[in-house]
Amino acid sequence: MKLPPITNGFEIVYKKPDTLTDTPMHYCPGCGHGVVHRVLMEVVDEMKIQDKTIGVAPVGCSVFAYNYMNVDMQEAAHGRATAVATGIKRVLPDRFVFTYQGDGDLAAIGTGETVHTVNRGENILIVFINNGVYGMTGGQMAPTTLLGMKTTTSPYGREAASAGFPLKITNLITQLPGALYVTRQAVHEPNAVRRLKKAVRLAFEYQLLKKGTCFIEVVSNCPSGWKMTPQESNKWMEENMFPMYPLGDLKVPSQTMN
Amino acid sequence: MEHTPGTSEIRLMKGNEALAEAAIRAGLQAYFGYPITPQSEVLEYLAVHMPKRGGVVLQAESELAAINMVFGAAGAGARVMTSSSGPGISLMQEGISYMASAELPCLIVNVQRGGPGLGTIQPSQGDYFQATKGGGHGDYHMIVLAPSSVQEMADFVFESFRLADKYLTPVMILSDGALGQMMEKVALPPEGSLPFIEKPWATTGKKPGQKRRIITSLFMQPEEMEEVNLRLQTKYRLIEKQEVRYEALETDDAEIVLVAFGLAARICEKALTLAREKGFKVGLLRPISLYPFPSKVFASLATNAEMFLVVEMNAGQMVEDVKLAVEGKRPVHFKGRMGGMIPSPEEILSEIETVIENEQVNT
Ligand SMILES: Cc1ncc(C[n+]2csc(CCOP(=O)(O)OP(=O)(O)O)c2C)c(N)n1
Ligand code: SF4
Ligand SMILES: [Mg+2]
């Protein structure tokens, strides 16, 4: 039997859902990853689908997502999360399956898997954390790195002539008929977090329709990789990342289904 | 084998199709693959028959994607396989290494063609090293079975799934383009004759009150990573003890023992007959499990036989394992054809004559 928490007469207004473990997160202060984890798991908790949800972790800073998300999970090779998720969903079609991937994972090494998974309209949710760098390996250039942006492998700023352009992979996959719901969100302020949560809820609900892939990009920060304080990084993100990656829905189901 | 005799169905089939049909009968739940000659019939056969008989068949966008779909489905508890040939198997190495580490059961079929590079679509045995020594990164092995007939293409599917489930490891059937394409009579075991086992580790959704299940190959602490390696190595030692398979033909009085696997062994059988007719005391040792390699049998063979002649359709790969097993007790000769060329029985016979002659000169 679970005992009620000791509250010393205070009312509990905010608590950790059962879908998150007690393991302290390893993310840097101010990093968006932890917030997105929580939002995802709050939705799984509220929809009471913990027993039917299987997640796939990427290779990137969120490689240990399975230490924090209290659901069954598999750890995929770098870039292969959506292929792994395809394997899971095809043999367990009534489960809720999601991947959680960074920009290097999803939009560089895993581009082929990403495009074809969405093109097949796999009935999964893809959560895409776009922080414009390779966080885990120490802040190298990512496909989403902005022009002029300095990283450890674009020390003079990204130049289109040699490194190509920032890849708007979300816009790209929006064109695919297999994409059911595509949206771009953020977690830099409470309202944004609320909007993301709505989107995640919708995406999980849409999975029951079996009508295609749901894709949520979260434009996020990497204070460590960007060499900024958390506050600076959020400001920089608003001023530089959002113009390139504008927030909002790119495709909603009514458009797809009529 | 798994099936009870008398209940099988006899058919005339291509090796690749017999393998695919056997897989369905062995309870295959999902297949992920990508076309490549000379194995495409596996995917094509399953594309026709799996939907009718209940199962997933998906043509992936690459072998890279295919093997990772196999990873996901295996992790979710399904009986799952893929098949390919040289270039595609190379792309799968990443996924195979991950599956070996995460201890996921699956079947991978390599219908070998000549290489390196894009090579040729003709049969070859050039992927022996890749199959038996790991292939991908890290310390791991797959169980590798080498069929030498259409019948064995079918039988080894059952055997592979059984072994994969038993040892929680990827298992490879190392075939070649000739065995895949040739038609022979095959007795197919009845459908459903391979039981399913409980997979209490599979990610199927966290049950209330139970711990969540995690499939991973990431062990950041070196102490933990060494633990995992030790566990894998213990498993491999057990496999080496329990799962060695080979066939010995007329080795009792043999002065020269041919050593060959797969298609090369079939040709050696014919060469053996020709040599015996000429009065040479020739035997044949056919390793069936290439990993675990039947090393021990060579110790006893080396006491009677005077020499070994290894015949392969490559530049000399298994011969290294034979030499290790013979431990320098007897001379080990090698005859190989490469790039999709198949040695003829006469060619092997003349090689037998040459090595016998040379050994007599030397002694
Ligand atoms: C095949 C392979 N290549 C390279 C790496 C090294 N690596 C690990 S994480 C990573 C980049 C991750 O960046 P991203 O996906 O953007 O995630 P983030 O850390 O920013 O959240 C790389 C290159 C690897 N693990 N595997
Ligand atoms: S390196 Fe960047 S992405 Fe990784 S945890 Fe730190 S802030 Fe987050
Ligand atoms: Mg990143």
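## Basis of the description

Residues are numbered from 1 along each chain as its sequence is written, and chains are lettered from A and ligands numbered from 1 in the order in which they are written. Because the model is predicted, local features need pLDDT of at least 70 and side-chain atom pairs count only at pLDDT 80 or more, whereas totals for chains, interfaces and linings use all residues.

Helices (H or I, at least four residues) and strands (E, at least two) are DSSP runs, numbered from the N terminus. Two strands pair if DSSP finds at least two bridges between them.

Eight strands form an open sheet with mixed pairing, in the order E9(A)-E7(A)-E8(A)-E4(A)-E3(A)-E1(A)-E2(A)-E9(B). Strand E9 (248–251) of chain A and strand E9 (214–215) of chain B stand at the edges, each with a single partner strand, so one side of each has no neighbour in the sheet.

Val182(A) has Lys251(A) in E9(A) as its bridge partner.

## The contact between the chains

Two residues are in contact if their C-beta atoms, placed from the backbone, lie within 7 Å. By this criterion, 29 residues of chain A are in contact with 33 residues of chain B. On the side of chain A that touches chain B, at least two residues each come from strand E1 (53–57), strand E2 (72–75), helix H3 (81–91) and helix H5 (111–119) of chain A. H3(A) gives the most to this side, with eight residues. The residues of this side of chain A divide into 13 nonpolar, eight polar and eight charged; Ala, Val, Leu, Ile, Met, Phe, Trp, Tyr, Cys and Pro count as nonpolar, Asp, Glu, Lys and Arg as charged, and the others, Gly among them, as polar.

The axes of H3(A) and H5(A) come within 8 Å and cross at roughly 40 degrees. Axes are lines fitted to C-alpha atoms, for helices over the stretch in contact, and angles run from 0 to 180 degrees between N-to-C directions. Thr82(A), Ala83(A) and Thr86(A) of H3(A) make the contact with Glu113(A), Thr114(A) and Thr117(A) of H5(A).

## A five-stranded sheet in chain B

Chain B has an open sheet of five strands, in the order E10-E12-E11-E14-E15 and with mixed pairing. Its edge strands are strand E10 (246–249) and strand E15 (332–336) of chain B, each of which pairs on one side only. E10(B) and strand E12 (residues 282–287) of chain B run antiparallel and are joined by four bridges; Tyr246(B) has Pro287(B) in E12(B) as its bridge partner.

Helix H9 (residues 262–277) of chain B lies across E10, strand E11 (256–259), E12 and strand E14 (307–312) of chain B, and runs at about 170 degrees to E12(B). Helix H11 (residues 318–326) of chain B also packs on the sheet, touching E11, E14 and E15 of chain B.

E14(B) and E15(B) run parallel, joined by five bridges, and Val311(B) stands opposite Lys335(B) in E15(B). A residue is buried if 20 or more other C-beta atoms lie within 10 Å of its own, exposed if 12 or fewer, and partly exposed in between, with C-beta atoms placed from the backbone. Four of the five residues of E15(B) are buried, so this strand is largely enclosed by the rest of the structure.

## Two further helices of chain B

In helix H1 of chain B, 11 of the 11 residues are buried, so H1(B) is largely enclosed by the rest of the structure. Just after H1(B), Gly27(B) takes a positive phi of about 90 degrees.

Helix H2 (residues 40–53) of chain B has 14 residues. Its buried residues are Glu41(B), Val42(B), Leu43(B), Tyr45(B), Leu46(B) and Met50(B). These buried residues pack against elements of chain B including helix H1 (15–25) and strand E1 (9–14). H2(B) is followed by Gly54(B), whose phi is positive, near 75 degrees.

How values were computed
Expected span 1.5 Å × (residues − 1).
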